[in-house]
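This briefing concerns the structure shown below.

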Amino acid sequence: MRSTRQAIALTLAGALAVSTLAACSSSGSGDDDGDGGSTDGGKVTLKVVSLLPGSEQEAIDAFNAQVEEFETANPDIDIEPEEYEWKATTFAAQLAGNTLPDVFEIPFTDAKTLVENGQLADLDAQFRELPYADKFNPAIIEAGTGPDGHVYAIPAKNVYGVGLHYNRDLFEAAGLDPDDPPTTWDEVREDAKTISDANEGVAGYMQMSQNNTGGWQLTVNTFARGGRTQEVADDGSATSTLSNEGTKDALEWLQAMRWEDNSLGSNFLLDWGTINQAFAAGQVAMYTSGSDVYTALVQTNAIDPEMYGLAALPLEGDDAGVLTGGTLAAMPADVDDAKKEAAMKWIDFFYLGKLVDEDRAVADAETLVANDQPVGTPVLPMFSQEQYEQNQEWIADQINVPLDQMTSYTDTMFDLPLVGEPSQKTQEIYALLDPVVQAVLTDENADIDALLEDADAQAQALLDQG
Amino acid sequence: MTATTSPPPPPGPAHARPGGTGSAHRAARSGRPRSLATWVRGGGLSTLVFLLPLIVIFGLFSWFPIVRAVIMSFQETNLVTAPTFVGLDNFRQVLNDPILWKAVRNTMYFAFLALLFGYPIPLVAAVLMREVRRAKGLYSALAYLPVVVPPVVAVLLWKFFYNASPTGVFNTMLGWVGLGPYPWLQDASWAMPSLVLAATWAGAGGTIIIYLAALTSVPPELYDASEVDGAGLWRKIWHVTLPQLRGVLFITLILQVIGTAQVFLEPYLFTGGGPNNATVTVLLLIYRYAFQNSLGGDYGAATALSLMLAAVLAVFSILYFRLTRSWSTS
């Protein structure tokens, strides 16, 4: 009797040990995503980026309707949507750990290094089969092209220029004309003061300051005042120029608004997501961000379209420019050809085809409109201005974003002098500029010259690492 | 170990049996290794099988990462390209980082404030709760409630309360008595005390429960005797309660110091280390080394700093236990 019990106990313990080992080995192999095994009974399963986490139900419904349409047209492909938000702090670990969707999105600035590291799949052959592959703006295709001339990351979703987003209701409440948004930085400052004085607890203007976005927006403000944050020589060596006049002006302007006008509210630790929240909630009257942010404001923050306004970024000084950036679609390096081909069909369907094909453009817009999703948010053209305008004509009946509240931006968007983001150590330098912006916002005696000199030395050290 | 100093073998079935066990016993006493068969018969195999799940899990999830971290601290690696050994470069790089010393100062400041407020509060609360005659369970539940609130939820709630505008929750309440508004998380000198306040609220419940349990072991005769001697509440606490809790107090102190040296959650969720790095702690810096760069973290620097932190805490713990060994036994 005793020996039987002992045998049962031993068997159970052994089984537990074996199952533990088995569980560990299966979780360690990453066989569900990483090895490119993609077919399931002849079907290719493709994990794709869906929406930002926390999106509204209508946005999810619209996305699911698009997935259904795609799967009907491509019965051999099974789409698995995954919520996704690119974040500098999680992306590298997700990519190394094989936990990204098969088709994921990355900013323009990261593609070349990821290609050099061998972390992205070569999509050149599949990309060249697209009927409009040779019609892209060459500068945009270049962002995702490797040193071998092959395309590894494909322009998708958007190309943005930074604009000034403002709350029309708060303008009106302060006695300002919402159809006449500020066009110079001095006017932005004056209006911000008027708005914060008239609306207790509201920031007349605010700027991102956390999770690398402080550096990103300081760079936007630098470019808009004619400054540049780095120079790259022909031999590839880079020099940090953070102590330039444009950056100083931008910080002094911010300092004056914070400590003289007190027009920046009371929350000085905001990033892309939280400033969108604050803006949609009416706590921030003006801020700068990509021109396409309206879509996210609707999908994630349920913004009231009536209150939204978009103006062109004020430009001052010689060589002033609007920072431009965008999103590329890419795949991990180890995917197989079947998955690459399925991915290219999805990229064509979801991101690109609707820009160049009338039927697809209208069908896509109708699906979005049926689910109360924004159609017609202004972005910069991926192909040409003519193509963009043609596309807008096709979907004219479906456009539901308040374009008449964005004319200050749309009237000039094709004439803006666009400047790409700094190309070297972009995110790392943005990160070391976050504390500089935060210091100006939270320390009345912040010494801007000293802060910039210190940041410049650190940035140069990063650039010297190569 | 020599035969003369060996402890006697424990009683058990194997030793109760005549014959072979006697020779095994002799073999052990004479220093010869026991045979495999003897080991199996003595229950060694079943011991091993029962231990196996624990060894596997502990080895795989605790010791393997520790060994990997030690190796990585001497490597340059982004977990994608092949790692290269760089000697002590990672340690040099970390020690030359100006943010490191700011992070060390911030961490020590957090630990100091947490000791100042977070250490005595649970003790006082526990002693008072013991003195309460009615609804003891209610007070215990209320004290422990913050511990069961998920930390992220608690931080988001506190962040909402810490709204620095005059209409924020805390500022409104303080405004009723003519105080404030205060900047809370939005000012470099206010941010750290604000984090400590929230952390103390969140962590006090667990320590209170430990103290309450320890207080039940204090013999009531001691209180009776001190009352007979004319002691009031304060003298009872000073002369009876605290000496009786000495051992527990030493343990909670070292746990608190180790815990606060590894503080991450509060600065990460409340301020992200800001404003202007005023709340960057050592652990947050390790996180930044590893994850801030979207193009691949500096895992070598991150593991190097982790090892240095572990070494400092180990030395501190050893010193602390050596210094307090004689005090902690009553």
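In chain A of this predicted model, 78% of the contacts between residues at least 6 apart in sequence join residues at least 24 apart. Chain A contains 18 helices and 11 strands. Its radius of gyration is 25 Å, close to the 23 Å that the globule rule gives for 466 residues, so chain A is as compact as a globular protein of that length.

**Dimensions and surface of chain A**

- The C-alpha trace of chain A spans about 85 × 55 × 55 Å along its principal axes.
- Of the 466 residues in chain A, 56% are buried.

**Charge in chain A**

- Chain A carries 82 negative and 22 positive side chains.
- The centres of these two sets of charges lie 8 Å apart.

**A:D456, a buried acidic residue**

- A:D456 is placed in helix α18 of chain A, which comprises residues 448-464.
- This residue is buried but has no salt bridge.
- For A:D456, the nearest side chain of opposite charge is A:K248, at 10 Å; a salt bridge would require a side-chain nitrogen of Lys or Arg within 4 Å of a carboxyl oxygen.
- When neighbours within four places in sequence are left aside, A:D456 is in contact with A:S240, A:T241, A:L242 and A:S243.

- B:D187 is located in the loop of chain B between α10 (169-176) and α11 (188-215).
- Although B:D187 is buried, it has no salt bridge.
- The nearest side chain of opposite charge to B:D187 belongs to A:R258, 6.4 Å away.
- Apart from neighbours within four places in sequence, the residues in contact with B:D187 are A:T442 and B:P275.

**B:A225, a partly exposed helical residue**

- Helix α12 of chain B, residues 220-228, contains B:A225.
- B:A225 counts as partly exposed because its relative accessibility is 37%, and that class lies between the 20% limit for buried and the 50% limit for exposed residues.
- B:A225 and B:V312 are 87 residues apart along the chain, and their C-alpha atoms are separated by 45 Å.

Note on methods
Residues numbered from 1 in each chain as written. Chains lettered and ligands numbered in written order. Predicted model: local features only at pLDDT ≥ 70, side-chain atom pairs only at ≥ 80, totals over all residues. Heavy atoms only, no water. Helix = DSSP H or I, 4+ residues; strand = E, 2+ residues; numbered from the N terminus. Rg over C-alpha atoms; globule rule 2.2 N^0.38 Å. Buried < 20%, exposed > 50% of the residue type's maximum accessible area, 1.4 Å probe, protein only. Contact = heavy atoms within 4.5 Å. Lys, Arg positive; Asp, Glu negative; His and termini not counted. Charge placed at Lys NZ, Arg CZ, Asp CG, Glu CD.
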